[in-house]
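Please read the following alongside the sequence and the model.

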Amino acid sequence: MPFLSLPLISRRSVALAPFGIVMSRAATTSQHWALLSDTHIPANAEDSYRGFKPVENLKTVAAQVAAAKPESAFICGDLARLEGLPADYEQLKGLLAPVTDKAPTAMILGNHDNRKNFLAGFSSSQKGTQSVQGKHVLVVDGPAVRFVFLDSLLQSNVTPGQLGKAQRSWLSEFLKNSNDKPTMIAVHHPPDDGDGSLTDFQFLFQIVKPHKKVKAIFYGHSHVYRYDVMDGIHLVNLPAIGYNFSDDQPVGWVDSVLTAQGGDFTLHAIGGNREKDGKTVSLKWRG
Ligand SMILES: [Zn+2]
């Protein structure tokens, strides 16, 4: 597992430093991100679906994430239960405090969010906001990789998503004008041809494919935990925190260590199918 060795080298270099052994910083630069999705937080803490209480689930996950001490975190959309009501976001804010108090947390909008209500409660906490007409878009640059958080919310409580022309034009220009740092894209809707997916996913691929720095696309929405590769670009479907749609899927979050060469992704399953709990998937980025 070549990528697992990177953070270990990094830790050892700290231990050896007093003895005068200096290791190259560039070779060991990594970023620790907590990857969350589909929290589906309702105002009413007792709300349940398929036997899961999203509020209880996020309490458990927030404590685990805080204990893992990531440098940053993101939530891949469907922050709110169904319609993105102001009271949903109030509840979410309180539940996330153990994470957001310590690590900047980027939030992506899904089809169960409401952009106006979300921004009223969270806009000041969102770092790296880009000027894209009618969309909540962020760019977060780190030492090893860069994240671009896109907005596929088309209409609250309507299933399919769309980036739209203005956002696609922005992304195209951004990728042309930014440096070659390995770039991760995150968006709520799946980049596939499903009826409830990202309706303009083919345009998205046309834009990102020629830019070799784009290494992976992270998404949520399906409440499925899954890895695929398309045209050398890794597709990472993050599990839901609120509830699963089928018993064979985990409920939980993914801890990650990312470098310029690849990433290690460890599932923390708190419910549903926990078979892969604690298991790490290592990905190598395209060259
Ligand atoms: Zn969802």
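Among contacts between residues at least 6 apart in sequence, what percentage join residues at least 24 apart? In this protein 67% do, where contact means heavy atoms within 4.5 Å. The model is predicted: local features need pLDDT of at least 70, side-chain atom pairs count only at pLDDT 80 or more, and totals for chains, interfaces and linings use all residues. Residues are numbered from 1 along each chain as its sequence is written, and side-chain values use heavy atoms, with hydrogens and water left out.

The protein has seven helices and 13 strands (DSSP runs, H or I of at least four residues for helices and E of at least two for strands, numbered from the N terminus). Of its 287 residues, 53% count as buried, that is, under 20% relative accessible area with a 1.4 Å probe, protein chains only.

A zinc ion is held by Asp38 (OD), His40 (NE2), Asp78 (OD) and His223 (NE2) at 2.1 to 2.4 Å; donors are N, O and S atoms within 2.8 Å of the metal (3.2 Å for Na, K and Ca), and because water is not among the atoms, sites may look incomplete. His40, in the loop between β1 (31–36) and α3 (54–68), and His223, in the loop between β8 (214–219) and β9 (226–230), are 183 residues apart and link distant parts of the chain. Both His40 and His223 are buried.

Within helix α4 (residues 86–100), the buried residues include Asp88, Tyr89 and Leu92. Among the elements covering the buried residues of α4 are α3, β2 (72–75), β3 (105–107) and α5 (115–122).

How values were computed: Buried means under 20% relative accessible area, exposed over 50%, partly exposed in between (1.4 Å probe, protein chains only).
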